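This briefing covers strands, cores, aromatic pairs and selected residues. The structure comes first, and the notes follow by topic.

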Amino acid sequence: MKIFRNIMLSILLCLPLFTLSASADMGPKPSVEISFEGLEDETYYVTLLGTSKSGPWDSNEEYYDDPLLADIANKFNSFQDKDGYYFLGYFEDCSQTHQFVWGYFPPENFKILIYLPEEDLFILSNDIYEQYAFTSSFKVTITNHVMESVVSAPQIIKEIISFFCRVISTIAIELLVALIFGFRKITQLKFIAFINVITQIILNLVLSYFIYFEGFFTFCIVYCIAEFIVSIGEGIFYQIKLKTEDMPLSKPFFYSLAANCASFIIGLIIVEYFTGLL
């Protein structure tokens, strides 16, 4: 009965995993995010110029239902760049948000182009930029209608916070699951915490790399494989250290499986909260 109970408990804790894993295949593509300073009192539109079609966008003005948007698209279409970069069909009104996000197939190499309709004026970046991460962030400063500086702005602080939240929450969850499985001795909980500090720091350092450079789909694949390896490894350590004479042989392994599945789910939720990748 104890073995059956452990199996059922493990299955129940793993059930949400299948829903979350299925959504990984529908995760977003790489994105480019740009913030602007210096155009706070202006009406302006932003696009990225590229050298080849990217995504489902259409640069034809007939593609836009709104006559105003069609006019803006026509303006972007008419822009001539000396390096051969051209309008790909996607743009945003950034007048209120001062943020531009191309979240679906942005060009890998691009120039930033701003259009101010009230002045009928274009502002073009001097240099060519490229995606450097799954979410490539830039900060643009405009002075006297000149693009004075464009700097990459990686979300390092957000990644650090996400990293520590995943580690701390994982340890807390696995201790809670340990209590559910009947591991209540202080020595047992200390050992579980110690093992998790080591495995979770290593695991999350690896995951931080993949979420930053490779994106959500690759992240999920690596996450699943890594969690499986960690579950087996932790199960072996728990079998050696936590097992007592009256304890079923399989209990430490079922605990490790259930605890890691629970922490996997919470880890994906944290990634969604801090990076918005889901």
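Helices (H or I, at least four residues) and strands (E, at least two) are DSSP runs, numbered from the N terminus. This is a predicted model, in which local features need pLDDT of at least 70 and side-chain atom pairs count only at pLDDT 80 or more, while totals for chains, interfaces and linings use all residues. Residues are numbered from 1 along each chain as its sequence is written, and side-chain values use heavy atoms, with hydrogens and water left out.

**Helix 5 and Gln239**

- Helix 5 spans residues 216-241 and contains Gln239.
- Gln239 is buried at 16% relative accessibility; buried means under 20% relative accessible area, exposed over 50%, and partly exposed in between (1.4 Å probe, protein chains only).
- Not counting residues up to four places away in sequence, Gln239 touches Leu249, Pro252 and Phe253, where contact means heavy atoms within 4.5 Å.

- Two strands pair if DSSP finds at least two bridges between them.
- Strands of a sheet pair through backbone hydrogen bonds, either parallel or antiparallel.
- Seven of the eight residues of strand 5 are buried, so this strand is largely enclosed by the rest of the structure.
- Strand 5 pairs with strand 2 in the antiparallel sense over five bridges, and Tyr115 in strand 5 is the bridge partner of Tyr45.
- Strand 6 (residues 121-124) runs antiparallel to strand 5 and is joined to it by four bridges; Leu113 stands opposite Leu124 in strand 6.
- The hairpin formed by strand 5 and strand 6 has four residues between the strands, and Asp120 in the turn has a positive phi of about 50°.
- Strand 7 (residues 129-130) pairs with strand 5 in the antiparallel sense over two bridges, with Tyr129 in strand 7 as the bridge partner of Phe110.

- Four strands form an open sheet in the order 4-1-8-9, with mixed pairing.
- Strand 4 and strand 9 are the edge strands, each pairing on one side only.
- From one strand to the next the twist averages 20°, with axes taken as lines fitted to C-alpha atoms, for helices over the stretch in contact, and angles running from 0 to 180 degrees between N-to-C directions.
- Strand 1 pairs with strand 4 in the antiparallel sense over four bridges, and Glu33 stands opposite Val101 in strand 4.

**Nonpolar cores**

- A nonpolar core is a set of buried Ala, Val, Leu, Ile, Met, Phe, Trp, Tyr and Cys residues joined through side-chain atoms within 4.5 Å.
- The largest core has 24 residues, of which Ile34, Phe36, Phe100, Ile112 and Ile114 touch the most other members.
- Strands that each supply at least two residues of this core include strand 1 (31-37), strand 4 (99-102), strand 8 (135-143) and strand 9 (146-152).
- Strand 5 gives the largest share of this core, four residues.
- Leaving aside neighbours within four places in sequence, Phe36 is in contact with Tyr44, Val46, His98, Phe100, Ile112, Ile114 and Val140.
- A second, separate core has 17 residues, among them Phe254, Ala258, Ala259 and Ala262.

**Aromatic rings**

- Rings of Phe, Tyr and Trp (its six-membered ring) pair if their centres lie within 6.5 Å; planes under 30 degrees apart count as stacked, over 60 as edge-to-face and the rest as tilted.
- By this rule there are 18 aromatic pairs.
- The pair of Tyr45 and Phe91 is edge-to-face because the ring centres are 6.0 Å apart and the planes lie at 70°.
- Tyr45 lies in strand 2 (residues 45-50) and Phe91 in strand 3 (residues 86-93), so the pair ties together parts that are 46 residues apart in sequence.
- Tyr45 is buried with a relative accessible area of 5%, and Phe91 is buried with 10%.
- Tyr132 and Phe138 also form an edge-to-face pair, 5.6 Å centre to centre with 80° between the planes.
- Tyr132 is partly exposed at 26% relative accessibility, whereas Phe138 is buried with a relative accessible area of 5%.
- One aromatic cluster consists of Tyr45, Phe76, Phe79, Phe87, Phe91, Tyr115 and Phe122.
- Lys251 lies over the face of Phe183, 5.1 Å from the ring centre; a charge sits over a ring if NZ of Lys or CZ of Arg is within 6 Å of the ring centre and within 35 degrees of the ring normal.

**Thr47**

- Thr47 is found in strand 2 and is buried at 0% relative accessibility.
- The C-alpha atoms of Thr47 and Phe76 are 8.2 Å apart in space, and the two residues are 29 residues apart in sequence.
- Leaving aside neighbours within four places in sequence, the contacts of Thr47 include Phe76, Phe91, Trp102, Lys111 and Leu113.
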